[in-house]
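User: Please examine the model shown below and answer some questions about its pocket and its ligand.

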Amino acid sequence: MPTIAPSVLSCDFANVQRDVEMINNSNADWFHIDVMDGVFVPNISFGFPVLKAINKHARKPLDCHLMIENPDQYVAEFAKCGAAILTVHFEACTHLHRTIQLIKSNGMKAGVALNPHTSVDVLKTIIEDVDLVLIMSVNPGFGGQKFIANAIDKVQETRNLIDASKSKAVIEVDGGVNLETGQLLINAGADALVAGSFVFGSQNPSQTISDLKQLSVG
Ligand code: DX5
Ligand code: ZN
């Protein structure tokens, strides 16, 4: 069964506690937390006060996706705020190896995210150091965008890279995930699916999470 990480970016922020409890009581595995700085991406989401509020109620791991420049300076604070997984963008890290080690030394799992235009080839020299690879299937910055299909081949390439190495990295995909695109991604070798608007825009978000959880290779 795939790991399902509902993206809190699409929740109702006037009712954060209610939506966090919905995820707690659902078949979801992680909380996906999107942090945007208005520099790396053309949008600003939320920062530490909101993360702390979510962490107060969340009973599942916080999977934090940083869409920010210079993430190193905030790594320790994310650990304090309860992040279990901290994912940085390849495109935002000049010294990616150092950043990954810093995340691990702060007691978190370390992930690296690739924008839609970034080739999986760049992972060759870092794959054995990371716990998670996040393949972006939209250009980061906004929920509710259309799925970019090159993610499917990229998942397959990442799977091949991991299988040919000593890496135990998990492959997560983020952007435009629904039951149809989710199925294609699972078939290509994805382990974890992020879903924002598909979950929170549905009639019954908890049921939608269960439906995603039921996907299997086929
Ligand atoms: C986009 C974010 C995503 C977003 C996904 O920059 O990284 O996590 O919330 O939203 P949907 O599932 O609506 O594409
Ligand atoms: Zn995300």
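Analyst: In what follows, Ala, Val, Leu, Ile, Met, Phe, Trp, Tyr, Cys and Pro count as nonpolar, Asp, Glu, Lys and Arg as charged, and the others, Gly among them, as polar. This is a predicted model, in which local features need pLDDT of at least 70, side-chain atom pairs count only at pLDDT 80 or more, and totals for chains, interfaces and linings use all residues. Residues are numbered from 1 along each chain as its sequence is written, ligands are numbered from 1 in the order in which they are written, and side-chain values use heavy atoms, without hydrogens and water.

User: How many nonpolar, polar and charged residues does the shell around ligand 1 have?

Analyst: A residue is near a molecule if one of its heavy atoms lies within 4 Å of it. Of the 20 residues around ligand 1, those that come nearest are D34, G141, D174, G196 and S197. By class, the shell has 8 nonpolar, 10 polar and 2 charged residues.

User: Which side chain has an N or O atom 2.5 Å from an oxygen atom of ligand 1?

Analyst: A polar contact is a pair of N or O atoms within 3.5 Å. The side chain at 2.5 Å is that of S197.

User: Which element gives the largest share of the shell around ligand 1?

Analyst: Strands (E, at least two residues) and helices (H or I, at least four) are DSSP runs, numbered from the N terminus. Strand 2, strand 3 and strand 8 are the elements that give two or more residues to this shell. The largest share, 3 residues, comes from strand 2.

User: What is the volume of the largest pocket?

Analyst: On a 1 Å grid over the protein atoms alone, a pocket is an open set of points where a 1.4 Å probe fits, with protein on both sides within 12 Å along at least five of seven lines; lining residues have an atom within 4 Å of a point. A volume is the space filled by probe spheres set on the points. The largest pocket has a volume of about 280 Å³.

User: Which residues that line the largest pocket are the closest to its centre?

Analyst: The lining has 11 nonpolar, 12 polar and 2 charged residues. Of these 25 lining residues, the closest to the centre are G143, G144, D174, G175 and G176.

Technical notes
Polar contact = N/O pair within 3.5 Å; in protein donor to acceptor, adjacent residues only side chain to side chain.
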